[in-house]
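Subject: A structure for you to look at

Hi,

Here's the structure I promised to pass on.

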Amino acid sequence: MGNGVKEGTVRLREDAEAILPTPVSSKSDHRQVLSSLLSGALAGALAKTAVAPLDRTKIIFQVSSKRFSAKEAFRLLYFTYLQEGFLSLWRGNSATMVRVVPYAAIQFSAHEEYKRVLGHYYGFRGEALPPWPRLLAGALAGTTAASLTYPLDLVRARMAVTPKEMYSNIFHVFIRISREEGLKTLYHGFTPTVLGVIPYAGLSFFTYETLKSLHREYSGHRQPYPFERMIFGACAGIIGQSASYPLDVVRRRMQTAGVTGYPRASIACTLRTIVREEGAVRGLYKGLSMNWLKGPIAVGISFTTFDLMQILLRRLQS
């Protein structure tokens with residue numbers, strides 16, 4: 001019996017070692033970082049572009065006092081198409097790409113590095129991390145990416161809820177905000193963003209990595225098929241976004257306060273205003289059903305693209 005336990009432990013370690021390559025030199029480490037950055041950038045760009053019209057519609061409802069419903073959301077999409085044209089559904093997507101490409105690149109690359117660091121600390125590697133360090137790696141990766149790219153997120157939100165006449169392009173947004181509202185406005189809403197990204201990124205990465213680990217354990221296959229990765233990513237998106245959604249609503253209100261008529265306020269005041277005027281559930285979870293539609297698609301595409309790009313780049317390097 002003792003030998004069986006020992007053999008099982010050795011097999012677990014061997015499986016973990018097979019999942020991620022062992023760092024053999026600083027040159028190899030640099031290649032891994034560049035590979036993660038490139039894969040993450042492509043993953044983020046594809047995912048956000050696919051759901052951009054739904055994302056823009058969600059933001060418009062989040063920053064207004066309009067009551068959300070699926071019927072009203074699709075009516076808004078339809079009238080936007082009729083009045084401004086098909087490409088207007090992607091208005092603000094250029095700003096999204098400027099934010100998402102570095103955000104996703106940093107987040108995925110940071111996640112790989114945090115997994116490696118925590119793996120060495122706990123004596124495990126990659127997907128073999130215990131649950132709490134696995135959750136921590138995702139939370140730290142999301143916080144790192146959000147901290148470095150937050151002004152681009154605010155600019156993107158401003159472009160999504162304003163007409164073309166107000167802001168002509170990304171640089172125009174930066175110039176007008178810095179002149180009219182001050183540079184510190186570029187980080188208005190940063191606190192709820194970080195508070196929201198900790199459960200969102202933590203739970204998303206944790207769920208996806210856990211599902212892959214369970215699949216490997218019970219299916220006997222080393223790697224899941226692409227459609228299985230999409231399903232795992234969809235589950236991760238639903239759980240992560242549902243947990244952090246109220247803070248996402250607060251963040252959007254604070255980001256767009258200067259252009260939607262709402263006064264600038266703290267997190268607590270913004271929360272109280274939303275609950276008082278719209279109700280706790282209707283206000284703080286406004287547009288969540290839209291997120292349940294777009295979130296699983298976006299997160300599924302993102303995680304799947306990242307994994308497949310990593311596999312492709314490793315094969316090309318070898």
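**What I found**

Let's start with Phe-205, which counts as buried because its relative accessibility is 3%. (Buried means under 20% relative accessible area, exposed means over 50%, and partly exposed is in between, using a 1.4 Å probe and protein chains only.) Before going on, two notes on the model: it is a predicted one, where local features need pLDDT of at least 70, side-chain atom pairs count only at pLDDT 80 or more, and totals for chains, interfaces and linings use all residues. Residues are numbered from 1 along each chain as its sequence is written, and side-chain values use heavy atoms, with hydrogens and water left out.

**The overall picture**

The protein chain has 13 helices and zero strands. (Both are DSSP runs numbered from the N terminus: helices are H or I with at least four residues, strands are E with at least two.) Of the 318 residues in the chain, 49% are buried. If you take the contacts with a separation of 6 or more, 79% of them are between residues 24 or more positions apart; contact here means heavy atoms within 4.5 Å.

**Rings**

Back to Phe-205. Aromatic pairs come to 13 in total, where rings of Phe, Tyr and Trp (its six-membered ring) pair if their centres lie within 6.5 Å, and planes under 30 degrees apart are stacked, over 60 edge-to-face and the rest tilted. Phe-205 and Phe-303 form an edge-to-face pair, because their planes are at 80 degrees, with the ring centres 5.2 Å apart. Phe-205 sits in helix H8 (residues 190–219) and Phe-303 in helix H13 (residues 288–317), so this pair links distant parts of the chain, 98 residues apart. Phe-303 is buried too, at 6%. Both belong to a cluster linked by ring pairs, together with Phe-108, Tyr-208 and Phe-306.

Helix H8 also holds His-215, which is buried with a relative accessible area of 11%.

**Charges**

Side chains of opposite charge can pair when their charged atoms come close. How many salt bridges does the structure hold? There are 15, each being a side-chain nitrogen of Lys or Arg within 4 Å of a carboxyl oxygen of Asp or Glu.

One of them joins Lys-294 and Asp-55 at 3.2 Å, N to O. Lys-294 is buried at 3%, and Asp-55 is buried at 2%.

Another pairs Arg-176 with Glu-180, their closest N and O atoms 3.0 Å apart. These two are both in helix H7 (residues 170–180), four residues apart, or about one turn of the helix. Arg-176 is partly exposed at 23%, whereas Glu-180 is exposed at 54%.

**Around Thr-149**

Buried or exposed: which is Thr-149? With 4% relative accessibility, Thr-149 counts as buried. Its place is in helix H6 (residues 131–161), and leaving out residues up to four places away in sequence, Thr-149 touches Arg-99, Pro-102, Tyr-103 and Ile-106. The charged end of Arg-99 sits over the ring of Tyr-103, 5.4 Å from its centre. (That needs NZ of Lys or CZ of Arg within 6 Å of the ring centre and within 35 degrees of the ring normal.)

Cheers
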